[in-house]
Amino acid sequence: MKTFIRKCIEKIELLLLRSLFPGKRRSAGADAPVVIIQNAHVGDFLISMPFFERVKQYFDRPVIFISDRRIKELAENCGLFSGFVEVDMRSVSSVLHPVVRWQTFLAVKKINAFAVIRSWDVGANAFMDLLAAAVPAVEKYAMADSLQLKKLYTSLHLYDRSKGILENETAFADHICGDKQVPQVGNLEYFEPLPLPDIQRYCLIVPGADDLQRRWEAEKFVFLIRNIAEKSGLKIILSGAPSEIPLLESIYAVLDEKIKKQVIIRYPLEDRYQSFLRLFSDVKHAEFIVTNETGPVHIAAKYGVKTVCICGNWHFGIFVPAKLYTATLWCYENVSCRNCGGRCSYKTVPFECLHRVNKERVWQVIESECLAGN
């Protein structure tokens, strides 16, 4: 019933937008921008940088990026965009916040664009299509997994679920630009130079994730930290977002005093962008990384750093395991309920597929692949 009501409200909103706003334009000036809409977290944004580069080069126009406020600092400092429109995606994705939704529609209505490009991601929802409808533009492109919204766009490209997001974004760029390129991981040159790490020879451990259900149990990370400390002379950096500091401190608190001397908690800097740069540096210079399926996986892939990624099956094949991440070791358990999209029938925290990943097996991977020779 809730889904039915939501879809009805979204259809009404779309009808209102199309009647009140001039969704399509016949022409645009030479300085009219291209608008890219993406519901991005840090990892999504970094994965998509080759796509952004290619679109910007093809259109040779200013690019305005509309995305979640959590990646504001990265978007504003990478040099690819002439403007950034921050959106609280958690609020506007819910029809329970009509005032916030319509404030956003009215804000983007003022952008007179040449083209609108609605990117695809696993969190894509009707709100992103409503945003695309609100921006007046000559051309409108979207990558979607169905043809239901074909009338809303000038051109619609279907997402191929047999391939990962990198391959699909390359195909989408091929579709827009009219040529073909080989999928690539890309790089992070836009954020160089990075600060140098303040310690030598360390491994980086990231036990957090934006969603609590995507966090492997803290006690399992404690098990790995104890083993790494005992088997190597490496320092261990515990890293996470500001909201994850209590998690890092709880892990640190249960460690033996001897092991604590090898462990460092990365507390956030006041400047959020500088915190990102320090994270990039910590990743780039690490001996190896152990992490959940979250942003540092994609940072490490771009720097070619050996990474042990502990992941589940909820979006299997889209982000992980990624074929192009050649330095990444994927630790997961096969389950019959693969690709549930996060709608876990077990109702557990973490997701059942993530809970089943065996800590001893992960340790064996670290010991054989990361600590050999240390």
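**View 1. Helix α12 and its buried residues.** In helix α12, the residues Y273, S275, F276, L277, R278, L279, F280, S281, D282 and V283 are buried. Buried means a relative accessible area under 20%, while exposed means over 50% and partly exposed lies in between, using a 1.4 Å probe and protein chains only. The model shown is predicted, and local features need pLDDT of at least 70, side-chain atom pairs count only at pLDDT 80 or more, and totals for chains, interfaces and linings use all residues. Residues are numbered from 1 along each chain as its sequence is written, and side-chain values use heavy atoms, with hydrogens and water left out. Because 10 of the 13 residues of α12 are buried, this helix is largely enclosed by the rest of the structure. Helices (H or I, at least four residues) and strands (E, at least two) are DSSP runs, numbered from the N terminus. What do the buried residues of α12 pack against? Their partners are the helices α2 (42-47), α4 (72-77) and α13, together with the strands β7 (202-206), β8 (235-238) and β10. Contact here means heavy atoms within 4.5 Å. The length of α12 (residues 272-284) can be checked too: at 1.5 Å a residue its 13 residues should span 18 Å, and the end C-alpha atoms are 19 Å apart, which agrees. The expected span of a helix is 1.5 Å times one less than its number of residues.

**View 2. An open sheet of six strands, from β9 to β12.** Follow the strands in the order β9-β8-β7-β10-β11-β12, with parallel pairing. Two strands pair if DSSP finds at least two bridges between them. Strands of a sheet pair through backbone hydrogen bonds, either parallel or antiparallel. At the edges stand β9 (263-265) and β12, each with a single partner strand, so one side of each has no neighbour in the sheet. From one strand to the next, the twist averages 20 degrees. Axes are lines fitted to C-alpha atoms, for helices over the stretch in contact, and angles run from 0 to 180 degrees between N-to-C directions. Strands β7 and β8 pair in the parallel sense over four bridges, and I205 stands opposite L238 in β8. Helix α9 (residues 218-231) packs on the sheet, touching β7, β8, β9, β10 and β11, and its direction makes about 175 degrees with that of β7. Helix α13 also packs on the sheet, where it touches β7, β10, β11 and β12, at about 140 degrees to the direction of β10.

**View 3. Strand β11 and its two neighbours.** Are the faces of β11 (residues 307-310) covered or uncovered? Both are covered: T307 and C309 on one side, and V308 and I310 on the other, are all buried. Strand β10 (residues 289-292) runs parallel to β11, joined by four bridges, and I289 stands opposite T307.

**View 4. Another open sheet of six strands.** Here the order is β3-β2-β1-β4-β5-β6, again with parallel pairing. The edge strands are β3 (83-87) and β6 (155-158); each has a single partner strand, so one side of each is left without a neighbour in the sheet. Neighbouring strands are turned by 15 degrees against each other on average, direction ignored. Look for β1 (residues 34-37) and β2 (residues 63-68), which run parallel and are joined by four bridges; I36 has F65 as its bridge partner.

View 5. A nonpolar core is a set of buried Ala, Val, Leu, Ile, Met, Phe, Trp, Tyr and Cys residues joined through side-chain atoms within 4.5 Å. In the largest core, of 66 residues, F45, I117 and F191 touch the most other members. A second, separate core of 38 residues includes C203, V222, V290 and V357. I71 lies in the loop between β2 and α4 and is buried, with a relative accessible area of 0%. Leaving aside neighbours within four places in sequence, I71 contacts A40, H41, V42, F45, F65 and F84. I71 and V42 are 29 residues apart in sequence, yet their C-alpha atoms are 6.0 Å apart in space.
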